[in-house]
Amino acid sequence: MESIGVLMLCPMNPYLEQELQRRFNLFRLWTVPQMSQFLKDHSASIRAVVGNASAGADAELINTLPGLEIVSSFSVGVDKIDLDKCKEKGIRVTNTPDVLTEDVADLAIGLILAVLRRLCESDRYVRSGKWKKGDFRLSTKFTGKTVGIIGLGRIGMAVAKRAEAFSCPICYYSRREKPDTKYTYYPSVVELAGNCQILVVACPLTEETRHIINREVIDALGPKGVLINIGRGPHVDEPELVSALVEGRLGGAGLDVYENEPQVPEELFGLENVVLLPHVGSGTVETRMAMADLVIGNLEAHFLNKPLLTPLV
Ligand SMILES: O=CC(=O)O
């Protein structure tokens, strides 16, 4: 397979890069000095693109690669890939589901605890020496709080299972009620937000779910409510979230994702009821290796005319 051109769109993971390099003719887009010359020289030989949560194959890229057969994403979310264009052109698409579910759900619970129990703030309290002058303020209990989940897919279910272990009643919103769950269903996000204390965004980003967290939802969640976003930044109308937090209309937020990563609204930096992570939901050594193996496995299967491991398109 050494002659097959594979285009990696940005640096993602050294192991993945090394294994792709060993098997294919790997092009690293971020090292290309001049895009137009690169495309002139190599676009015909590129048969696969490897992207991730921040860089995917959009219509423009797809149109410049006449030999493209497969886009294999080092992510579960594929919102950066033009799926319709891929379908239209018969380009296969794969992602990395399942292997990252546990890590992302773990992180959602970590964010809930970090916000409610003020873990980051109390860590800073110890390090700055403030403890010597007095005890840390009281925080908020997690056990027993109602957790609302937007999107009861693989990750949403894993969050629910974990929250159940904290004796939390679980409710959810999804496009359709799930017949095989005991969790309470609300047919709108506003109703869900009005009936839970912690609202977790765990659905894929699509045109329907863009800004699913808007002012009305934030107001329904209210000054005691906490928003946790482990989905995608554009699920949230970010300026509305920032003003609700600054004005105290929302109780707190735990965010792993943002509308314009890696830009994070600086107004959030001074708020102690907010915990900010740099999009690390699946960011463990173990999981990133499993994701890399899936990307490689899908490419190998494709070029050996075998069934794809995790086909999306
Ligand atoms: O955000 C990460 C992913 O989609 O895997």
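The model is a prediction, so I state the limits: local features need pLDDT of at least 70, side-chain atom pairs count only at pLDDT 80 or more, and totals for chains, interfaces and linings use all residues. Residues are numbered from 1 along each chain as its sequence is written, and side-chain values use heavy atoms, with hydrogens and water left out.

Let me begin with the division of the chain.

I turn to the interface. Seven residues of domain 1 touch six residues of domain 2, where contact means heavy atoms within 4.5 Å. About 580 Å² is buried between the domains, and carbon and sulfur atoms give 40% of that area. Buried area here is the accessible area (1.4 Å probe) that two parts lose on being put together, summed over both. On the domain 1 side, Asp79, Asp98 and Thr287 lose the most area to domain 2, together 67% of what that side buries.

Two salt bridges cross this interface, a salt bridge being a side-chain nitrogen of Lys or Arg within 4 Å of a carboxyl oxygen of Asp or Glu. Aspartate 79 and arginine 232 meet in a salt bridge through their side chains, at 2.8 Å from N to O.

Aspartate 98 also deserves a remark on its backbone. Although not a glycine, aspartate 98 has a positive phi of about 65°, and its place is the loop between β5 (92–94) and α5 (101–116). Helices (H or I, at least four residues) and strands (E, at least two) are DSSP runs, numbered from the N terminus.

Next comes the sheet. Which order do the seven strands of the open sheet follow? The order is β8-β7-β6-β9-β10-β11-β12, with parallel pairing; two strands pair if DSSP finds at least two bridges between them. β8 (184–185) and β12 (274–276) each have a single partner strand, so one side of each is left without a neighbour in the sheet. Strand β7 (residues 170–173) pairs with β8 in the parallel sense over two bridges, and tyrosine 172 has tyrosine 185 in β8 as its bridge partner.

In the loop between β11 (252–255) and β12 lies proline 262, joined to glutamate 261 by a cis peptide bond with omega about 5°.

Finally, the whole structure holds 21 salt bridges. Arginine 23 forms one with glutamate 19, the closest N and O atoms being 2.7 Å apart. These two residues are separated by about one helical turn because they are four residues apart in helix α1 (residues 14–23).
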